[in-house]
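Here is a short briefing on one chain. It covers the domain layout, the interface and a strand pair.

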Amino acid sequence: MEPVKILDNIYWVGAVDYDIRDFHGYLTPKGSTYNAYLIVDEKITLIDTVKHGFEGELLSRVAKIVDPKKIDQVISNHAEMDHSGGLPEILKYIGLEKPVYASKVGVQNLGAQFQGAGLNILPVAEKLSVGQQDIHFVETRMIHWPDSMFSFLPKVGVLFSQDGFGLHLASPQRFDDEVDEKIWYPQALNYFANILTLYTDPIAKILEKAVSSGLIGQTKIICPDHGLIWRQNPSRIVELYCKWVQQKPTNKAVIVFDTMWHSTEYIARELTDALAILGVETKYQSLKNIHRSQVVTECFEAAAIIVGSPTINNQMYPSVADFLCYAKGLKFKNKIGAAFGSYGWSGESAKLIQAELTSMGYNLPSPEVRIRWVPLEKDLGPIHDLAKTVAEAIKKVV
Ligand code: FEO
């Protein structure tokens, strides 16, 4: 387990998790990394740790640079367990008396998470000396939790951004110049859509302040807690964040559904084709095959989300309810919604979806489309009318 040199005296000492596939309900098809960093100065400083179970990997990388027991202090930029879970074991090894610095909220969160572990958790001031240079701290509430903060080394322009600017990608490569954008871009979008969509307003304010204060201008390297270190072109990921926080709709519709005996599937296929003929980019997303977190990534930049379900036991399909629950939590902005479904007798599903999309604040330009039993040629009219109405609504917002 080797460390990776970033600059003289700054190293990546994290862990690579090739096997993780479920990250609090979000599918991570390419695994992830838990990035931690070591600053070797008069005070040896560890920035963040790793998920519990990966402490040995971190310590063995540190040991290639310096005896881990010589670490003087730890900065915890974010209290979530994928970065803080290793704190108790690591501090037990390097010395429980060593200070762990965190934001004020971080002190509370870490204290609550690790009650009885004997950690010496202290709030950060504006800056902290490591010897020849200072670490400056910037509160970044809601990238990704209320405790989150950035740590910045102005002398060398290195920003430790914890979850901010991260992505889930396990690989032996550590830097943006070693991985093609075609590989990392989908993971960065997937990460933003699933983890940060809910917080686009506070993130927009943080970005604005980071730009106006000169923090972004001074930054030469961004070191996030997941994925690649941005050393060749850090402004690329910052530009993407500045775009994504706006949640601007594009000429795209996602048709997301589940089906029992193929009737709802038939409607979904007809809608997909009809919208495509009307010039809308369409994404056909069957919840039988596609994970909810990948569907919301498709939804992120789409103007319209069209949701379909058969009726079962007077309800919508559980997989559709699961998707709507997940999407509701993300509070997408600027979305057009529509509902459809097939049924045999009671037929509640499409109405329930319509009500849910309304409660999510979507603009619903059409009543729901419900088709009894198997759709026939005579049933296509309402499906095509729905496609036309949605296409027209999309044109008005893109
Ligand atoms: Fe990577 Fe919010 O933790």
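Which domains does the domain assignment of the chain give? There are two entries: domain 1 spans 4–244 and domain 2 spans 250–393. Keep in mind that this is a predicted model.

**Domain interface**
- The centres of domain 1 and domain 2, taken over C-alpha atoms, lie 39 Å apart.
- Contact involves 16 residues of domain 1 and 14 residues of domain 2.
- About 1,200 Å² is buried between domain 1 and domain 2, with 54% of it on carbon and sulfur atoms.
- On the domain 1 side, Leu 27, Asn 194 and Leu 198 lose the most area to domain 2. Together they make up 36% of what that side buries.

**Polar links across the interface**
- Two salt bridges are counted between domain 1 and domain 2.
- Lys 243 and Glu 301 form a salt bridge, and their closest N and O atoms are 3.6 Å apart.
- Seven residue pairs are in polar contact across the interface of domain 1 and domain 2, both residues at pLDDT 80 or more.

**Elements on the domain 1 side**
- β5 (26–27), α5 (181–196), α6 (200–212) and α8 (234–244) each give two or more residues to the side that touches domain 2.
- α5 provides the largest share of that side, six residues.

**Strands β22 and β23**
- β22 (residues 336–343) pairs with β23 in the parallel sense, over four bridges.
- Phe 340 stands opposite Val 369 in β23.
- Side chains alternate along β23 (residues 369–372). Val 369 and Ile 371 point to one face and are buried.

Notes: Residues numbered from 1 in each chain as written. Predicted model: local features only at pLDDT ≥ 70, side-chain atom pairs only at ≥ 80, totals over all residues. Heavy atoms only, no water. Buried < 20%, exposed > 50% of the residue type's maximum accessible area, 1.4 Å probe, protein only. Pairing = 2+ DSSP bridges. Domains from an automatic or database assignment. Contact = heavy atoms within 4.5 Å. Buried area = accessible area lost by both parts, 1.4 Å probe. Salt bridge = Lys/Arg side-chain N within 4 Å of Asp/Glu carboxyl O. Polar contact = N/O pair within 3.5 Å; in protein donor to acceptor, adjacent residues only side chain to side chain.
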